[in-house]
Amino acid sequence: MGAASDEEVEAVVRAEYGRVVATLVRRFSDVDIAEEAASEALVIAVQSWRRDGLPPNPGGWLVTTAGNRAIDRIRRESTRDARQKEAAMLTPPDSDPLGAVDDDRLRLIFMCCHPALAVESRVALTLRLVVGLSMAEIADAFLVPETTMAQRLTRAKRKIKAARIPFGVPFASDLPSRVNSAMAVVYLVFNQGYFATTGDVPLRDELCAEAIRLARLLRQLLPDEPETTGLLALMLLTDARRPARFEGTTLVPLAEQDRNRWIRPLIDEGHDLVRECLRIRRPGYYQILAAVNAVHTDGPATDWRQVLALYDQLMTVAPSPVVALNRAVALAEVEGPAVALTAVDALDLVPYHAWHATRADLLRRLGRDRDAAQAYESAIALADNPAERDFLTARRRLVTTD
């Protein structure tokens with residue numbers, strides 16, 4: 001067995017980190033122990049695999065190695081009076097009473113999304129424990145110093161321990177009140193994969209696949225909740241366009257994508273799920289976004305009037321400046337860039353790169369090249385995704401400032 005390449009090792013580490021942490025949290029009931037043991041196992045794995053190659057079951061290798069590191073730490077920290085407790089922690093239970101779905105990562109998401117934690121802490125914890133982003137990457141995503149983010153996560157983990165927040169799927173009676181937060185986090189995981197805001201790669205396939213898998217589990221938990229169906233449909237219809245999103249490392253906008261490269265089975269499944277939601281007639285945020293993507297993937301071109309009508313509905317169901325920005329994109333196609341620019345300029349989204357990118361495109365279409373160039377430059381400075389920065393830079397070159 002030959003040495004593994006850095007790319008092979010990195011792919012396994014990215015794919016397995018969340019599962020390793022979730023397994024250890026279930027086994028040892030301690031987030032700090034799980035996270036530190038997983039990190040130590042990854043360091044050992046990188047050194048070993050680069051030298052000896054990947055083992056037959058890399059994920060199992062990581063779980064076993066991390067479990068041994070956790071045991072070593074517990075033994076070092078245990079006192080004689082704690083030996084009985086230690087033995088209980090180190091012995092896997094014969095049965096698992098933690099929830100209706102046998103999936104550690106879904107349980108970990110519900111723990112991270114407990115209402116006792118602040119919203120920003122829920123997202124940061126999920127990015128760290130489930131997605132496996134580094135502290136520096138999470139700090140960049142929140143636009144705060146790394147020390148600030150480290151303190152925030154430390155407080156959140158202390159809160160989990162002090163409040164004895166359970167690692168598990170909530171009881172059926174508590175699920176409806178908890179699922180919204182879980183859905184938001186699963187969608188965040190998907191977006192982090194589909195449009196990575198950290199690192200050098202624009203797309204992380206394993207995160208998209210993991211988010212879709214978790215969305216299927218959420219739908220199993222709440223089959224009569226149309227929003228879980230809408231979330232799954234939204235991600236399937238979005239992921240279906242993935243093969244056409246890039247030419248090499250160059251981002252291809254929706255209007256210029258080769259629709260023949262889209263994944264038809266995902267589109268068909270997504271459309272079926274959207275129709276299922278429509279029959280229920282209880283519209284919600286994810287359902288309407290799924291319907292928007294159904295329009296984008298139906299036929300040879302997008303019906304922008306339908307998209308605009310759906311965003312009008314979304315502004316009633318779940319209004320926000322970002323929704324209004326997306327509505328303005330559709331508005332430009334229906335009523336023209338001048339009308340859309342007025343709507344965009346009324347939004348308080350100056351720190352958001354997509355606001356500047358949308359303004360830039362509208363200004364370019366109106367022939368205001370100098371203003372468009374400035375807007376492109378602002379968008380480039382704020383964009384986190386490398387492919388998007390390259391795309392915006394190319395568009396910037398198309399406008400003249402002479």
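Helices (H or I, at least four residues) and strands (E, at least two) are DSSP runs, numbered from the N terminus. With these names, arginine 164, for example, is placed in the loop between α8 and α9 (175-194). The legends below describe close-up views of a predicted model.

**View A. Helix α5 and its buried residues.** Nine of the nine residues of α5 are buried, so this helix is largely enclosed by the rest of the structure. The residues concerned are Asp104, Arg105, Leu106, Arg107, Leu108, Ile109, Phe110, Met111 and Cys112. They pack against α1, α2, α6, α8, α9 and α10.

**View B. The crossing of helices α5 and α6.** The axes of α5 (residues 104-112) and α6 (residues 119-131) come within 9 Å and cross at roughly 155 degrees. Angles over 145 degrees count as roughly antiparallel, so α5 is roughly antiparallel to α6. The crossing of α5 past α6 is right-handed. From α5, the contact involves Leu108, Ile109 and Cys112; from α6, it involves Arg122, Leu125, Thr126, Leu129 and Val130. Sorted by class, the residues of this contact comprise six nonpolar, one polar and one charged.

**View C. The packing of helices α13 and α14.** Helix α13 and helix α14 (residues 304-317) pack at an angle of about 175 degrees, and their axes are 9 Å apart. The two helices are therefore roughly antiparallel to each other. On the side of α13, the contact is made by Tyr285, Ile288, Leu289, Ala291, Val292, Val295 and His296. On the side of α14, the residues in contact are Trp304, Gln306, Val307, Leu310, Tyr311, Gln313, Leu314 and Val317. This contact has 12 nonpolar residues, three polar residues and no charged residues.

**View D. The salt bridge between lysine 161 and aspartate 30.** A search of the whole structure finds 29 salt bridges. In one of them, the side chains of lysine 161 and aspartate 30 meet with a distance of 3.1 Å, N to O. Lysine 161 belongs to helix α8 (residues 146-162), whereas aspartate 30 belongs to the loop between α1 (6-28) and α2 (31-52). The pair thus links distant parts of the chain, 131 residues apart. Lysine 161 counts as exposed at 52% relative accessibility, because the cut-off for exposed is over 50%. Aspartate 30 is buried, with a relative accessible area of 13%.

**View E. The salt bridge between glutamate 210 and arginine 105.** The side chains of these two residues meet at 3.2 Å, N to O. Glutamate 210 is part of helix α10 (residues 205-221) and arginine 105 is part of helix α5; these distant parts of the chain are 105 residues apart. Glutamate 210 is buried, with a relative accessible area of 11%. Arginine 105, at 16% relative accessibility, also counts as buried.

**View F. The salt bridge between glutamate 256 and arginine 395.** The closest N and O atoms of this pair are 2.8 Å apart. Glutamate 256 lies in the loop between β2 (250-251) and α12 (264-280) and arginine 395 lies in helix α19 (residues 386-397), so the pair ties together parts that are 139 residues apart in sequence. Arginine 395 is buried, with a relative accessible area of 17%.

**View G. A network of salt bridges.** The residues linked in this network are Asp32, Glu35, Arg128 and Lys157.

**View H. The surroundings of threonine 229.** Threonine 229 is located in helix α11 (residues 226-239). At a relative accessible area of 2%, threonine 229 is buried. Not counting residues up to four places away in sequence, threonine 229 touches Arg219, Leu273, Glu276 and Cys277.

**View I. Arginine 164, with a positive phi.** Arginine 164 has a phi of about 50 degrees, a positive value, although this residue is not a glycine. Its loop connects α8 and α9 (175-194). Arginine 164 counts as exposed, at 75% relative accessibility.

**View J. Arginine 281, with a positive phi.** The phi of arginine 281 is positive, at about 60 degrees, although arginine 281 is not a glycine. This residue is found in the loop between α12 and α13 (285-296). Arginine 281 counts as exposed, at 73% relative accessibility.

Key:
Residues are numbered from 1 along each chain as its sequence is written. This is a predicted model: local features need pLDDT of at least 70, side-chain atom pairs count only at pLDDT 80 or more; totals for chains, interfaces and linings use all residues. Side-chain values use heavy atoms; hydrogens and water are left out. Axes are lines fitted to C-alpha atoms, for helices over the stretch in contact, and angles run from 0 to 180 degrees between N-to-C directions. Angles under 35 degrees count as roughly parallel, over 145 as roughly antiparallel, 65 to 115 as roughly perpendicular and the rest as oblique. A crossing is left-handed if the near helix is turned anticlockwise from the far one by less than a right angle, and right-handed if clockwise. Contact means heavy atoms within 4.5 Å. Ala, Val, Leu, Ile, Met, Phe, Trp, Tyr, Cys and Pro count as nonpolar, Asp, Glu, Lys and Arg as charged, and the others, Gly among them, as polar. Buried means under 20% relative accessible area, exposed over 50%, partly exposed in between (1.4 Å probe, protein chains only). A salt bridge is a side-chain nitrogen of Lys or Arg within 4 Å of a carboxyl oxygen of Asp or Glu.
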